[in-house]
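Colleague: Hi, could you walk me through this one?

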Amino acid sequence: MNLSARHPYLNARISILAARLMSPERLQRLAEDLIEGTDAAWGLPEKEGNIPPLDMEQALLFTTLLADFMILVRPLTGTERDFLVYWIRKFEVANIKAILRGKMADMPVGEIRSSLTDIRPFSALPVGDLLRTEDTAEMLRRLEADGPYGTVARHAREVYEKKRELFTLEATIDHRYLSGVMHKAQAVKAEERDALVRIAGFVVDRYNLIWLLRYRFIYGLSPGETFYLLVPFGPRRLIGTDLAELARSNSITEALTKLPIPLQEKLANARSITDIEQIVEEIVRQAARAALKQSGNALARAFSYLILRECEINRTAAVLKGRKFRFAPHIIRDGAGLRN
Amino acid sequence: MMMFKPLPMQRVMLKVMREDAPLAALVLADCGVFSPEAADLPEDVLPERPGAQYNKVYRNAQSRLEKLRQRADDGPCREFPDELRVIELAELEQANKRLGELWGRYSELEEQQHRLLEERRHLEELKENLHLFSTLNINLGRLQASGAFLELHMGTLPLLDLQRFAKAVSIEPHHFLKVFHTARETAYVMIAGPRKEKQDTHKLLQTADFRPLALPPEFKSHPKTIQHELSAQLHECTKKILAVEQQLIEAEQRDELAVLEEILHYAAPFSALAETLRGGRSGLTLVEGWIPKRDILKLEQTLEIRFDKRFEFTARDPEESDDVPSVLSHPPFFRPFEKLVKNFGIPRYGEVDPTILFAISFILMFGMMFGDVGHGAVIGAAGWYFREKLGEFTIPITASGISSVIFGFLYGSIFGYEEILHALWMAPISDPMLMLTVAVGWGVGLILLSCSLKFINLLAEKRFMRAWFDTQGLAGILLYLGGLFGLYRLATYGVFGVTESLPIVIPLLVILGYKWHEQHGMALGERIIVVLIEGFDSIMNFVSNTLSYMRVAAFSLNHAALAIAVFTLANTMGGFGHWVTIILGNVFILVLEGAIVAIQVLRLEYYEGFARFFSGDGRVFRPLRLGPPRP
């Protein structure tokens, strides 16, 4: 019996939550109203003027995404629950990187702490202990000592010992985390696996493509090193092309010509890696919307909902932040990935 | 009366000169009755934060001290001298610097130890797989030295990463990889590539978890030499590990740590106060906070002794907008129950403190549900015997045991035997219906008491509409009483007419009217549905909560039934077996049923009791103390 049959409650909750998601057109209208200052009818918090930008993001994130997440994860058990909890822990992985950056830059503890995201009750990061460490080596040792990030920390520490570069450290952490996402997706029960791996694959491949382009053509890593930092898995629906073949490319244009034709056509007008990133993110969102509407698989639907919800929140928060800092409208639209 | 509510509090304001602020902090901490609070002043009034730097240095130092203490094998908690000692910023900074040096040294040694342990693991694995190298028909020593054109690397990497690594190597032009062995989680590989591209190869090896193999040149030809070499390396590594461990122990510097800990002990109060201290350019410093009204005089006298006239101390009653912390004060007998109440929540300031009611009802209900002279005596005696281990939980356990003994006499039960003692009241199993009636009656009493307490709490909070018209207020009490009256009339006289319905209908209509009023702004249809459902919920709540108390009787019957089961089993055996069964059966009843009854009583207290009247959203009173803040 699949999850949908076992959990009609979960499917029903997802459908109710999904009804609250904004369509791309509605989100665009909200953003335009926010930028123009004519957003009173939307009922958003009025006086964000005194709220620091990160607190605003934290408030939006916690009160909406995490609240929804708690509803969705409640009926799940075993490997299905593990997958979703692992996914939400990406905010903690971001926290690990933020603490690392702060330690390497000798930032004050208070400043590092204020940049962290709180995902209680799902947090497993000993933030207090990590902030009390004196240097990066001690921090990685502490992280390795216990908790679910031990493996991530161990690899990060080994890379740190050889290459004291923040970039490689962060790339290693990201890589380990995303490998874990695919691993967890492939570990769910057979009746849930295919649909989930499909949508998780879109998400991971989005990172693969952008990382490949950045590592290879911005940071100038060799093809081998670039490939090593990616997350290969199969079968892949977004990129399709062998990642090793893409890594061998000598320019962005060459890499794009090796992509499947439908994807090439969508990326035809992209002028930069940022443009490519926004287009690929939209493709992932479309895949998530399709899975949410058409998939009979509750876990894949729940995951798709979380992807879309997070995207909606991030874009809204980006617009609010841009407005608070009085950026020009076209910069706000670019930053939020909206149409200009 | 003070035992039924949190203690009356006062908001106090203390002004001292800046140079006296650290001593003021020590004095306040020493008294143990002052909880600091941020001053409610505009930012331009007393804009300075005199203790900010001190606080920063203290936190840094305390963090280092805690890390060192965690690693040192701590003895019993230290006692510090009573005499207060002001720690100036310079001394604190010095202590912080020294702690930084100590921790830096310790951390360095820990890092060394970590690397050496990994190296040892690696060597052990190598030694285990030594046979592999002895069968290779190539001179590995030559392979490890790169030639003019060829760059060679031999080493290990995690098996998990092998496939990806192999593919990464294959992408690099003119490189190849050979896996010559896999063991557990490790793959042994050899990589060769053009020397001119060695930069890219090195970067890839660094990014991957590749560990080069450091082997002697004679590796291939002399396996015994290799064995000795590896053993020597392992031995050397182990010696280094032991040396580092010894250095770690020496680095603990316990005597010096004790001195530094004392400095931080006396610095803690000013650091804690620093977050709320306000100061002005004139040198005046202000601290505000809460203190129980009964301790004001004592604190004022202490301040006069310490500061003579160099301070100003004012106090006021709490205002409606204040978020006042709650201080509970009970005789020692009730303090363990206070902890169980706090488990549910902290009584809000001004709210009824349920601790005493909880204690009495808990003890009585436990006795009712577990009434047996013998079992009760065992529980009471065990509670007293293990009092040192149980600490403050000795009292609830012993009192529950005594309650069981008393009810045991009422039921006439001793270790399950009901023929030995004459019941002062009756054995539960002899009249289950009466037991259930008594239990329900007990429940009705408790529910009415809870509702009354809620009514009092709502009046104290000035939420008058809710107090008079909501389910949780007087209307709810009247509804419940009306329902009981109606049921009584129906059960006793078989009538349920207007006289019986009116006491139910009138309060219900009042409640529904209040809920209707509360839901203003809602669409009409939705409003009707919500009001009807909430009204139905109000009635069902009372019904289910009342019936829930039947478990009090159920468990007393259960207790008797379990005993019957034990005796039935025992009677099937002869002599020795009979008594073993009796003893083991009683142990089983004591442990299992005792635990279940305790949980059920707590459940009744929390859910049917507290949830009805107790908000539990009060603020904990955290007084300033010497030493680091407690969690």
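Predicted model: local features only at pLDDT ≥ 70, side-chain atom pairs only at ≥ 80, totals over all residues.

Colleague: How many residues does the contact take from chain B and chain A?

Modeller: Chain B gives 32 residues and chain A gives 30, with contact meaning heavy atoms within 4.5 Å.

Colleague: And how many salt bridges are there across that interface?

Modeller: The rule finds 11 between chain B and chain A; each is a side-chain nitrogen of Lys or Arg within 4 Å of a carboxyl oxygen of Asp or Glu. One of them joins Glu134(A) and Lys67(B), at 3.8 Å from N to O.

Colleague: New topic: what volume does the largest cavity have?

Modeller: About 70 Å³. A cavity is a set of points on a 1 Å grid over the protein atoms alone, where a 1.4 Å probe fits but cannot get out; the volume is the space filled by probe spheres set on the points, which are joined across faces, edges and corners.

Colleague: Which residues line the largest cavity?

Modeller: Lining residues have an atom within 4 Å of a point, and here they include His155(A), Tyr228(A), Arg164(B) and Asp209(B).

Colleague: How much space lies in the second largest cavity?

Modeller: About 50 Å³, and Tyr411(B), Glu418(B) and His559(B) are among the residues lining that second cavity.

Note on methods. Residues numbered from 1 in each chain as written. Chains lettered and ligands numbered in written order. Heavy atoms only, no water. 1 Å grid on protein atoms, 1.4 Å probe; cavity = no way out; pocket = protein on both sides within 12 Å on 5 of 7 lines; lining within 4 Å.
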